[in-house]
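Q: I have a chain open on my screen and want to know what stands behind each label. Please take the terms one by one.

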Amino acid sequence: MKVAVLMGGSSFEREFSLASGKNVCAALEEAGHKVVPLDTTSDLVPTLRSERPDVCYSALHGKHGEDGTIQSLLEFVGIPFVGSPSSVCQRAWNKDSMHSEMAAYRAITGDDPIASWPQGLYIARDAFKDMGAATALDLVEERVIGGYPVAVKPAHGGSALGVHRVDSVDDLGEAILDALSFDEAVVIEQWVEGVELAVSILGTGWDAYALPPVEIVAKQGLYDTAARLTPGDVEYFAPVRPASLSNDEGDAQAIRAEIERAALEVYRAYNVQDLARIDLIWDGAQARVFEVNVSPGMAESSLFPAAAKAAGLSLPSVLNELVSQYA
């Protein structure tokens, strides 16, 4: 098949996307496909119409790649693509949508709830800068369950850009301003301690299945953008170490199964298709889900390839299966 791989773009996550795109191109070529790597410039649509690929794979991260923009463009020009449709991407892009999406899903299915998520607040940039919300930051301590510390992050985006741990109201304003430099809104929510995990998922609907959870351990500080970009600053364990979940082997296996079920519940609630990565923390009692990544990183050091390897799958075989379904 001729596969157009979209990468780069103009978001803050351009460099992450280029690394993902490079690895995706190599994997698809290894699987025997003809690859057309494309940046998302003003020439994108004319090039797509000229090249006439059989299918597109988007390795774009951040704005335009995960917010439904590139998906809506491909839907408009009529080119099949791997991944979720634009309507799903738009909902998953908003980190504040978790409660409404999960409530709607549970009302329809009637299933027992598994996943949990941090309670938080959403503040738009204009409300903060132009309507006086910045003068009411003293309310945060009583509005967020448990009070400080809180997490401050852009309402949309990835790669931990603009994410902060805030321990008191004195540092809240600065953290919000930094988060708003990456987005038009900010989420302030409970800070959750525990085992940081990424659960990659393949498939659609009830055929979807979880790959082994990957445990993320920052050697010092947070698993932030700087740590992700600095070789050796983060250790990854694929699959998660049983001892990180429980000292009892049986309990550890049960907890891992619950973590995978929680990730699948969120995946299905958003109606994600083909693949995604669910980021969460096991806090010792519950799987606390933070976000849905509809375009998971695919660089050599990314979490999705590590999960695939732990499952005994090669990246070329996974990507081959994903693109081939659109033949």
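Q: What do β12 and β13 form, and which residue in the turn has a positive phi?
A: β12 and β13 form a hairpin, and four residues lie between them. Gly284 in the turn has a positive phi of about 100 degrees. This is a predicted model: local features need pLDDT of at least 70, side-chain atom pairs count only at pLDDT 80 or more, and totals for chains, interfaces and linings use all residues. Residues are numbered from 1 along each chain as its sequence is written, and side-chain values use heavy atoms, with hydrogens and water left out.

Q: How do you know that β12 and β13 pair?
A: Two strands pair if DSSP finds at least two bridges between them. β12 and β13 have six bridges, in the antiparallel sense. Therefore they count as paired. One of the bridges links Trp282 to Ala287 in β13. Strands here are DSSP runs of E with at least two residues, helices are runs of H or I with at least four, and both are numbered from the N terminus.

Q: What makes β13 mostly covered?
A: Seven of the seven residues in β13 are buried. Buried means under 20% relative accessible area, exposed means over 50%, and partly exposed is in between (1.4 Å probe, protein chains only).

Q: Why is Gln286 called partly exposed?
A: Gln286 has a relative accessible area of 36%. Gln286 sits in the loop between β12 (275-282) and β13 (287-293).

Q: Which residues does Gln286 contact, leaving aside its neighbours within four places in sequence?
A: Gln286 is in contact with Ser116 and Ile281. Contact means heavy atoms within 4.5 Å.

Q: Why is His64 called partly exposed, and what is its phi?
A: The relative accessibility of His64 is 32%, so His64 counts as partly exposed. Its phi is near 80 degrees, a positive value in a residue other than glycine. His64 lies in the loop between β3 and α3 (69-77).

Q: Why does Asn271 count as partly exposed?
A: Asn271 has 41% relative accessibility, so it counts as partly exposed. Asn271 also has a positive phi of about 60 degrees, although it is not a glycine.

Q: How do you know that β1 and β3 pair?
A: Four bridges join β1 (residues 2-7) to β3, and the strands run parallel. The definition asks for at least two, so they pair. In β3, Val55 is the bridge partner of Val3.

Q: Where are the domains, and how much area do domain 1 and domain 2 bury between them?
A: The domain bounds come from an automatic or database domain assignment. It gives domain 1 (2-83), domain 2 (92-116 + 193-294) and domain 3 (120-190). Domain 1 and domain 2 bury about 700 Å² between them, 69% of it on carbon and sulfur atoms. Buried area is the accessible area (1.4 Å probe) that two parts lose on being put together, summed over both. In domain 1, Phe16, Glu66 and Gly83 lose the most area to domain 2, together 64% of what that side buries.
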